[in-house]
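Welcome! Here is a short briefing to read alongside the model. Take a look at the structure first, then go through the points below.

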Amino acid sequence: MIIKERSLYRKFLDWFKSKTGYGFWEPSHDAPSIGTGIIILLLVLLAWYFDGLWQPIFYGIITDIMTYFS
């Protein structure tokens with residue numbers, strides 16, 4: 001996939017580098033072994049993997065709230 005120079009992804013990468021001083025996928029100065037993008041990707045994958053665990057709890061809360069206000 002070729003990323004255009006004016007794409008939103010490219011603008012985000014440039015903005016992130018101007019704010020932090022390092023790239024989104026590059027390791028930071030504080031934690032030189034892993035990048036910010038990798039951490040966010042891992043958190044999204046973990047949230048997706050454990051969705052079945054948390055989903056009944058959130059459905060129970062939403063059902064209780066909807067029952068209370070109906």
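Let's begin with Phe-16, which is buried because its relative accessible area is 11% (buried means under 20%, exposed over 50%, and partly exposed in between, with a 1.4 Å probe and protein chains only). This is a predicted model, where local features need pLDDT of at least 70, side-chain atom pairs count only at pLDDT 80 or more, and totals for chains, interfaces and linings use all residues. Residues are numbered from 1 along each chain as its sequence is written, and side-chain values use heavy atoms, leaving out hydrogens and water.

**Helix H1**
- Helices are DSSP runs of H or I with at least four residues, numbered from the N terminus.
- Phe-12 and Phe-16 sit four residues apart in H1, so about one helical turn separates them.
- Just after H1, Gly-21 has a positive phi of about 95 degrees.

**Aromatic pairs**
- The whole structure holds eight aromatic pairs, meaning rings of Phe, Tyr and Trp (its six-membered ring) with centres within 6.5 Å; planes under 30 degrees apart are stacked, over 60 edge-to-face, and the rest tilted.
- Phe-12 and Phe-16 make a tilted pair, because their planes meet at 40 degrees, with ring centres 6.1 Å apart.
- Ring pairs join Phe-12, Trp-15, Phe-16, Tyr-22, Phe-24 and Trp-25 into a cluster.

**Exposure**
- Phe-12 is partly exposed, at 34% relative accessibility.
- Tyr-68 is exposed at 65%, and Phe-69 is exposed at 66%.

Definitions and conventions:
Helix = DSSP H or I, 4+ residues; strand = E, 2+ residues; numbered from the N terminus.
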